[in-house]
Amino acid sequence: YNANGGSGGPSSQSYKYAFYCLDTLTSKTMCGRGYQYDGNLKAATFIKNELVNDGLTLMGDNGFQEFPININNIKSMRLALHNKDSVKVEGIDYLVFGSSASCYKKIENTKCLVFNDKEKFKKVDFNKLNNKVLIFNQNLLSYRDIVLFIRQIKDNFCIPELIIIQGYDKIQYPIATNVYKFPVLLLKGVQVPKNKIDYLELNIESEYVEGYKTQNVWAKIDG
């Protein structure tokens, strides 16, 4: 369906509208559409208003279906890698898992346990992972396998010093409804090429919020 009405291929007007929505939802005014600074509410309000403008009828409480969630908000993060002055750019060079607790880590001249093979997951002694730096190379392992294994680490009550997932062409921020006792760092590309960290300084400030009120947006097409 195109923006001029009727079926058929997309029109230049529909492309402009699509980019308008995309640019708005990814702008700084939406605060990442996250759970800080009401970013999720700002995005939901924009979507609701666009549905009304497109002639849909709002449902529920003025188009919102509210429900509570528990959420761990990452309020700030800072990473220096290889030396203290080499500060990486948040959201471009790195991100952290939403499950990461507040922490300060300074790691120097430390050998890491590197996981490049899924078969290694089956043979691991979880007790030997405590206080270690673990590196997962996502270009050799699937993201799903890595995340499932990290959950096993948590469920086995292991507390590594730090987990690093690297090898991404594009990094994305995974939200979390709980807090792990260890931080998980996502690096774009391979920034730790060997099994040793010469210098790493990581500072994370997070806040766990129970019962945060968020919402779905729902509307219907009459007829």
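Let's start with a pair of strands: E5 and E6 run parallel to each other and are joined by three bridges. Strands and helices here are DSSP runs (strands are E with at least two residues, helices are H or I with at least four), numbered from the N terminus, and two strands pair if DSSP finds at least two bridges between them. Within this pairing, Phe-115 has Phe-136 of E6 as its bridge partner. As background, strands in a sheet pair through backbone hydrogen bonds, in either a parallel or an antiparallel way.

Before going on, a word on the source: this is a predicted model, where local features need pLDDT of at least 70, side-chain atom pairs count only at pLDDT 80 or more, and totals for chains, interfaces and linings use all residues. Residues are numbered from 1 along each chain as its sequence is written, and side-chain values use heavy atoms, with hydrogens and water left out.

Now zoom out from that pair. E5 and E6 belong to an open sheet of five strands, ordered E3-E8-E7-E6-E5, with mixed pairing. At the edges sit E3 and strand E5 (113-115), each of which pairs on one side only. On average, neighbouring strands of this sheet are turned by 20° against each other, ignoring direction; angles like this are taken between N-to-C directions and run from 0 to 180 degrees, using axes fitted to C-alpha atoms, for helices over the stretch in contact.

Helix H4 lies across E5, E6, E7 and E8, and runs at about 175° to E7. Its 13 residues should span 18 Å at 1.5 Å a residue, and its end C-alpha atoms are 18 Å apart, so the two agree; the expected span is 1.5 Å times one less than the number of residues. Which residues of H4 are buried? They are Asp-145, Ile-146, Val-147, Phe-149, Ile-150 and Ile-153, where buried means under 20% relative accessible area, exposed means over 50%, and partly exposed is in between (1.4 Å probe, protein chains only). Their cover includes E5, helix H3 (119-123), E6, E7 and E8. After H4 comes Phe-157, with a positive phi near 60°.

That brings us to the largest nonpolar core, with its 44 residues; Phe-136, Ile-165, Leu-185 and Leu-200 touch the most other members. Such a core is a set of buried Ala, Val, Leu, Ile, Met, Phe, Trp, Tyr and Cys residues joined through side-chain atoms within 4.5 Å. Among the elements giving two or more residues to this core are strand E6 (133-137), helix H4 (143-155) and strand E9 (196-217). Phe-136 is in contact (heavy atoms within 4.5 Å) with residues including Phe-115, Phe-121, Ile-146, Phe-149 and Ile-165, leaving aside neighbours within four places in sequence.

A polar atom of the Ser-206 side chain lies 3.3 Å from the backbone oxygen of Ser-100. Not counting residues up to four places away in sequence, Ser-206 touches Asn-72, Asn-73, Ile-74, Lys-75, Ser-100, Ala-101 and Ser-102.

Finally, two loop residues. Asp-38 is not a glycine, yet has a positive phi of about 60°; you'll find Asp-38 in the loop between helix H1 (12-25) and helix H2 (39-53). His-82, in the loop between E2 and E3, also isn't a glycine and has a positive phi, near 80°. Asp-38 is partly exposed because its relative accessibility is 41%, and His-82 is partly exposed at 35%.

Terms used
Polar contact = N/O pair within 3.5 Å; in protein donor to acceptor, adjacent residues only side chain to side chain.
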